[in-house]
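These are my notebook entries on what I looked up in one structure.

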Amino acid sequence: MTKVEEFQALGLTEVTLEAIREKGFETPSPIQKLTIPVLLRNENDIIAQAQTGTGKTAAFGLPILEQIKSGKGLPQALVLVPTRELALQVTEELISLNRKKISIAPIYGGASMSEQLRRIKRGIDIVVGTPGRILDHIRRSTIDFSQLKWLVLDEADEMLDMGFIEDVEEIMAATNQTKRTMLFSATMPQRIAVLSKKYMRDTEILKVESKQITADLTDQIYFEVRECDKFDALTRIIDVESEFYGIVFSRTKVGVDEIVNRLLERGYAAEGLHGDVSQAQREKILRKFKRKAVNILVATDVAARGIDVNNLTHVINYSLPQDTESYVHRIGRTGRAGNQGTAITFISNSEYRQFTALKREVKSEIRKQQLPSAEDVIEIKRNKIKDDLQEIVGGEGLINNYKTMAGEILEQYPPEVAMAALLKLAFKNELEPDTYPEVRSFSVDRKGTARLFIAVGRVDGFTAPKLVEMLKRETGLNDSKIDDVRILDNFSFVTVPFAEAEAVTRQLNKLSHGNQPLAEIAKDGAGNRSGGERSSRGGGRRVAYGSRAGGDRRRSFGGGSGDRKRKR
Ligand code: AMP
């Protein structure tokens, strides 16, 4: 059974712990350690200083989900976020933590009003919304926040920067006065103090103290890669090193297991360590790693604590850690005992903002680099084969057993053909550039990707492979362009190249009927902070949410098995 004691110690109970286990969270992040006990213990309002990417959503989401009672009546919680993109992200994260059949939905600007009204009528327990649109609903009396128990202001400084201050104030004033307010912000400008004085009571201020430590002996570099390309990026890095000996860090246990399995499938010598690995097993793995019987150790932050190996060549941050201090701890595992080591960090689209903050806090340089190309990897492999050959040829007697056979083959084929065929036999397609998947930087174009909302989900019989299959079939996209598929009960998300998003949605919507679109663009591009409702207006049709009511369509998409009827 997966260990989640540290979460339990914060006061969470079994139903919530189950969700945490499934997510593979091993230990609460620093901000979670601060907020969860307070939010479970008393009724005070809180102001929490936390960067994005530090587990903020779970920091307020877990206590709300722990305490909320499923009602599907009036909204019990309202989470205000600055952008549409965040509204979707927060909704996704909350849904993934929900084990109580709580209804959670985003309400944001640009989306179809009628669709939202239908969704509100069906009842939403936790509303995740952008200020402008929420205020629209309040003013039109189409949403009733009189029973609100929790109000979360997420990324409050961003909301203020984007000019939402009056909207936020009006919402704070217009909602149930006995609600509990939680304000999260990366920075604490004076305006936040003013806001809290005016609208919040018995406020507790929670802040993670960051310690400044640097790891000078470590060369720090980063690569921008799409989430789906991280694994190929990792193998390229390992392949170009003559003696890779390193730890690969993943944020979750699930992540560790997945990376190890994929490495083993590809023939690498890897082991994984996380909190569910028994002490005896852990010791065995560490012994193997120390004597280099395996050269790749994949670990969570917790599991890597106390590993004392001095001569690592690499630390790889496959996913970003929860905070800057953990980053420094991770990379400090190279460059020990006077050895220079390399710390490599993969940054995906959604980690970009957290990484920008981290770069600011780490007092040493982190250089951006390009990943080795397929050609680089192949060149290095070729040279290695030549070196190995030389060693074998030089090692007397070793090849005598093969000489007769070599003569027989050479009688049959010209030497070059015979050698080429043997290389193919030994190395399969490892030396062929075409077989290396394209690993693209997500920031080649800052508007690189778009998140699509697809109004079918698990209840319609969809799984990730089925959705991918449907997308490929209906839109002609190939696998490499479909990323980060997320199947939820009633809808799904998928990331596609920005340049193709419009065409893909259009194509998919040919399959739906009437005014209920099947697919819509949920988010602008990577790193594009203009996703707020203000800037999104007039930008064409935007997301209509909660299309669950699309009963007909749902039937026509049953299971994505290819047998649904086309509706035009
Ligand atoms: P957030 O700061 O809420 O955007 O979260 C950033 C990422 O961290 C999300 O992918 C979360 O699922 C993940 N996360 C949140 N809490 C934890 C935790 N305690 N351990 C590992 N990952 C976490």
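Entry 1, the ligand. I looked up arginine 251 and found a polar atom of its side chain 3.2 Å from an oxygen atom of the ligand. The model is predicted, and I read every distance here as computed from it. Glutamate 93 also faces an oxygen atom of the ligand, with a side-chain N or O atom at 2.8 Å. For glutamine 322, I noted that a side-chain N or O atom lies 3.0 Å from a nitrogen atom of the ligand. On its own the ligand has 500 Å² of accessible area, of which the protein covers 83%.

I asked which residues around the ligand come nearest. Of the 16 residues there, these are Thr27, Gln32, Gly55, Thr57 and Glu93. I then sorted the shell by type, and it holds nine polar, four charged and three nonpolar residues.

Is glutamine 32 buried or exposed? Its relative accessible area is 3%, which is under the 20% limit, so I recorded glutamine 32 as buried. Apart from neighbours within four places in sequence, glutamine 32 is in contact with Phe7, Leu10, Pro37, Gly55, Ala58 and Ala59. One of these, Gly55, is also among the residues that come nearest to the ligand.

I looked up what its side chain reaches. A polar atom of that side chain lies 3.2 Å from the backbone nitrogen of aspartate 157, and the side chain reaches the backbone oxygen of threonine 187 at 2.6 Å. Beyond its neighbours within four places in sequence, the contacts of serine 185 include Ala48, Gln49, Ala50 and Ile192.

Glutamate 155 is not a glycine, yet its phi is positive, at about 55 degrees. I found glutamate 155 in the loop between strand E5 (150-153) and helix H8 (156-161), and it is buried, with a relative accessible area of 4%. Lysine 292, likewise not a glycine, has a positive phi near 65 degrees. Its loop runs between helix H13 (279-290) and strand E11 (296-299). Lysine 292 counts as partly exposed, at 43% relative accessibility.

Notes: Residues are numbered from 1 along each chain as its sequence is written. This is a predicted model: local features need pLDDT of at least 70, side-chain atom pairs count only at pLDDT 80 or more; totals for chains, interfaces and linings use all residues. Side-chain values use heavy atoms; hydrogens and water are left out. A residue is near a molecule or strand if one of its heavy atoms lies within 4 Å of it. A polar contact is a pair of N or O atoms within 3.5 Å; within protein, one must be able to donate a hydrogen and the other to accept it, and residues adjacent in sequence count only if both atoms are side-chain atoms. Accessible areas come from the Shrake-Rupley method with a 1.4 Å probe; for residues, only the protein chains shown count as cover. Ala, Val, Leu, Ile, Met, Phe, Trp, Tyr, Cys and Pro count as nonpolar, Asp, Glu, Lys and Arg as charged, and the others, Gly among them, as polar. Buried means under 20% relative accessible area, exposed over 50%, partly exposed in between (1.4 Å probe, protein chains only). Contact means heavy atoms within 4.5 Å. Helices (H or I, at least four residues) and strands (E, at least two) are DSSP runs, numbered from the N terminus.
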